Amino acid sequence: MNKSVILALGLVLSGMFVSAQTFDQQAPQGFDVENAAISHGKIDTIQYPSKTVGTTRKALVYTPPGFKKGVKYPVLYLLHGIGGDEKEWFNQGKPNIILDNLYAQGKLQPMIVVLPNGRAMKDDRATGNIMAPDKVEAFATFEKDLLNDLIPFVEKKYPVKKDRENRALAGLSMGGGQTQNFAFGNIDKFAWLGAFSSAPNTKEPNKLLPNPQDALKLKLIFISCGDADGLMPFSKRTSDYLRKNKIPHIFYIEPGGHDFKVWKNDLYIFSQLLFKPVDKTKFEGFTVLGTPAATNIRNAQYPQILPDGRVMFKVKAPEAQKVQIDLGKKYDLKKDADGFWTGTTDPQSGSFHYYSLLIDGVAVADPSSETFYGMGRYASGIDIPSEGDDFYALKDVPHGDIRIKNFYSKVTNSWRRVFIYTPPGYDQNPAESYPALYILHGGGEDESGWASQGKTNLILDNLIAEGKAKKMVIIMPDANIGQGGIRNFGERNLQMFEKELKESIIPFAESNYRIKKGKENRALAGLSMGGIYTLYTGIQNSDMFSNLGVFSSGYMLPMLQNVADKQYKFLNENKSAFSSNISNFWISMGGKDDIAYENGQKMLKELDKTGIKYTYTDYPGGHTWPVWRNSLYQFAQVLFK
């Protein structure tokens, strides 16, 4: 294959059902073109006295087709951007035409729309230096003007419903930030929120919603942004905060940048949802596009992850005859006239997943994704966000370091590589020494696994910052030893690794890093294959360790039945010494979906027969990295205490 493969997004999702009505996910062609054959609403200019500003201010008001003074209407307050005024939406966004067309199609709840000037100062023109501090501050001042002056005036002059359930607030850019600041800050005044391409004036989420559950009182939270908009991070951080706190909302990502093409589409979509029942359970399926995976390489927009866990791909391979994505199962992609192959997977579990592109049957790594050593080779990886993943998030806390070192092993007569985590302050406090955890990867992976896929440094950084774990050095060696492959795995491998750990790895670590010696300062843990190594070495050498952690493991039966029998016999004969030496024998599984679950349960029964005490925990997720990240998170908290 001599053509470059570029990963991008593709797929238009199925329509979303809200109140039994199917909505376009994007505005159709002609949605903003005036239609002379239909009824039209009316645009008027109003002037209202503002005690906040100390002057008379202007706003535009749109009344719908068939407007009747004897009927009471809900109200949408629609805010402009930093370079606009009350006429910006009217001149560039054509809200009256968009809404007229929707009314003609029977898609809107009749409403009055107020377009104010969000720059609350006496000279509120969008002239001169629009970024001047007093002009920027005037956008914050508008909150008081809106609540105390404009809304009371509108409710006095027009036949409107005056309760919060019939009052919506929306805006673009600077107005999107105002919308979030004002609506989240005055949930008793607004029930509908639409923030389009919110600008940096948007408050940080914990300041917007210090009590996030208050947002459940809102009928609709609609946050949108174009996928090419440089202000995307401000919309995403609010959405991430809402998602973390389980607040239903729409995060609508669409093609486009920071312009009225996007904002007109937002108004088209958002207005159809207002002042009618909405099904919040459908919100995750609403967006057009997803967010780029965190595991994408720099500036790669794809693959993209949808809120419901589906992953969308677009691969450029014009000369290929067949292209698939192998992500748990194989998904066929469809080719378009430009040589792009597009497709979307089924919903994926919140987890780290290896995947490959299959180009005419050849498995290749995706050049738009980071690669990870897994499945016995380098493969692409994608991290699907999951509930409860905050413990390995990158946070503003002191950070330790991951160091990569090489040492010569006399056991294997070869150079071996090891990853080592040193805690925050290691270099700044040369007189301080630390206990050590030796942690082992699984089969098909290598010494980079715990550092890359496992997020070891972030997990420990956060635990240490929260005072939940002691500072420690973590040594992540290469556990691949002897002949590779599952068929060649046996007691000889276990013996070789035990020897290398004792004679090479531990001596190297303790002679090159400030590590406290003695079993009370030494722990051993591992996942899957590494868990078997931990069992074998830890049981045979309990005088060397005070803590053992076995994650998603247990002796592979029947292949290692003889090894297991020897180990249980050894434990039974040395039960007193083992129990005295090992203060924490910590065992975890990824629930019944974990491929090691049955072997693990058989191991627990044997330990019970022998009378060996242990701590057991289940964390749903199967045989996957989120389970093992959680295992490290839990295990680290009990070490060296």
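Visitor: What kind of pair do Phe551 and Phe635 form?

Guide: Edge-to-face, with centres 5.9 Å apart and planes at 75°. That pair links distant parts of the chain: Phe551 sits in strand β28 and Phe635 in helix α15, 84 residues apart. Phe551 counts as buried at 0% relative accessibility, and Phe635 is buried with a relative accessible area of 0%.

Visitor: How many aromatic pairs does the structure hold?

Guide: There are 33. Ring pairs also build a cluster whose members include Trp89, Phe196 and Trp263.

Visitor: Switching topic: why is helix α2 largely enclosed?

Guide: Because 9 of its 10 residues are buried, α2 (residues 95-104) is largely enclosed by the rest of the structure. Among the buried ones are Pro95, Ile98 and Tyr103.

Visitor: What do those buried residues pack against?

Guide: They pack against β4, β5, α1, β7 and α7. Just after α2, Gly106 has a positive phi of about 70°.

Visitor: Where does pLDDT stay under 50?

Guide: Over residues 1-21. Where pLDDT is low, the predicted coordinates should not be read in detail. The protein averages 92, and 95% of the residues score at least 70.

Note on methods
Residues are numbered from 1 along each chain as its sequence is written. This is a predicted model: local features need pLDDT of at least 70, side-chain atom pairs count only at pLDDT 80 or more; totals for chains, interfaces and linings use all residues. Side-chain values use heavy atoms; hydrogens and water are left out. Buried means under 20% relative accessible area, exposed over 50%, partly exposed in between (1.4 Å probe, protein chains only). Helices (H or I, at least four residues) and strands (E, at least two) are DSSP runs, numbered from the N terminus. Contact means heavy atoms within 4.5 Å. pLDDT is the predictor's confidence in each residue, from 0 to 100. Rings of Phe, Tyr and Trp (its six-membered ring) pair if their centres lie within 6.5 Å; planes under 30 degrees apart count as stacked, over 60 as edge-to-face and the rest as tilted.
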